[in-house]
Amino acid sequence: MVQKAKILLVDDRPENLLALEAILSALDQTLVRAASGEEALKALLTDDFAVILLDVQMPGMDGFETASHIKRRERTRDIPIIFLTAINHGPHHTFRGYAAGAVDYISKPFDPWVLRAKVSVFVDLYVKNCQLKEQAALLRLQLEAGEQLGGGLLGELSARLASVEEQAEALAKQLDDTPDAALAATVAHLERRLTALRQALEALKP
């Protein structure tokens, strides 16, 4: 059974967090609240997240500063961040968001369907990466134990990898209609990892 992905929602206003939960509940993933940048950083110490929705305007540590801390940590630097803001100060403000490490920048009020679709893509990528890590870990454990890799195990690994490859290919086709540089780079990274694992499996075959 596939474990649900965690999505971190960061906003100092409870009503905004409630609205985000209502929009994203249809994805059937685990939604985690944080009412400040400090709370968000604490949550990131212990849990792994598929994506972070981060409000820019917060008292104390704002969204830009929070994102900078997230990107400085090795454990969390690769987690996608989507900035949400009610203020539009023009290109400079948006550039600051991307410079802080955001993969997307959405102004409020936003289209619920668009936000849900964007988050869904990052959740799918996270799940595929988790599946890939599991396959790699299984193969590594088998090799470290020094056991013979029989045709049965190789076949099982190959079949499970093929399933992930098929899902990754379908995801890449989905993105053809909505080009996004950040998403394209993430998908390309996933495809490179899949190719490397496939080559490793092929090398083990008799």
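The model is predicted, so to speak of local features we need pLDDT of at least 70, side-chain atom pairs count only at pLDDT 80 or more, and totals for chains, interfaces and linings use all residues. Residues are numbered from 1 along each chain as its sequence is written, and side-chain values use heavy atoms, leaving out hydrogens and water.

Buried means under 20% relative accessible area, exposed over 50%, and partly exposed in between, with a 1.4 Å probe and protein chains only.

Who sits beside E1? E1 runs parallel to E2, joined by five bridges, and pairs with E3 in the parallel sense over four; strands pair if DSSP finds at least two bridges between them. Take Val10: Ala34 stands opposite in E2, and Leu54 is its bridge partner in E3.

Now look at helix H2 (residues 37-46). Its buried residues are Gly37, Ala40, Leu41, Ala43 and Leu44. Seen down the axis of H2, they fall within an arc of 160° (taken from the directions from the helix axis to the C-beta atoms), so they line one face of the helix. An α-helix has 3.6 residues a turn, so residues three or four places apart point the same way. On the face turned away from the buried side, you'll find the exposed Lys42, Leu45 and Thr46. And what covers the buried residues of H2? The cover includes E1, E2, E3 and helix H3 (63-72), where contact means heavy atoms within 4.5 Å.

Technical notes: Helix = DSSP H or I, 4+ residues; strand = E, 2+ residues; numbered from the N terminus.
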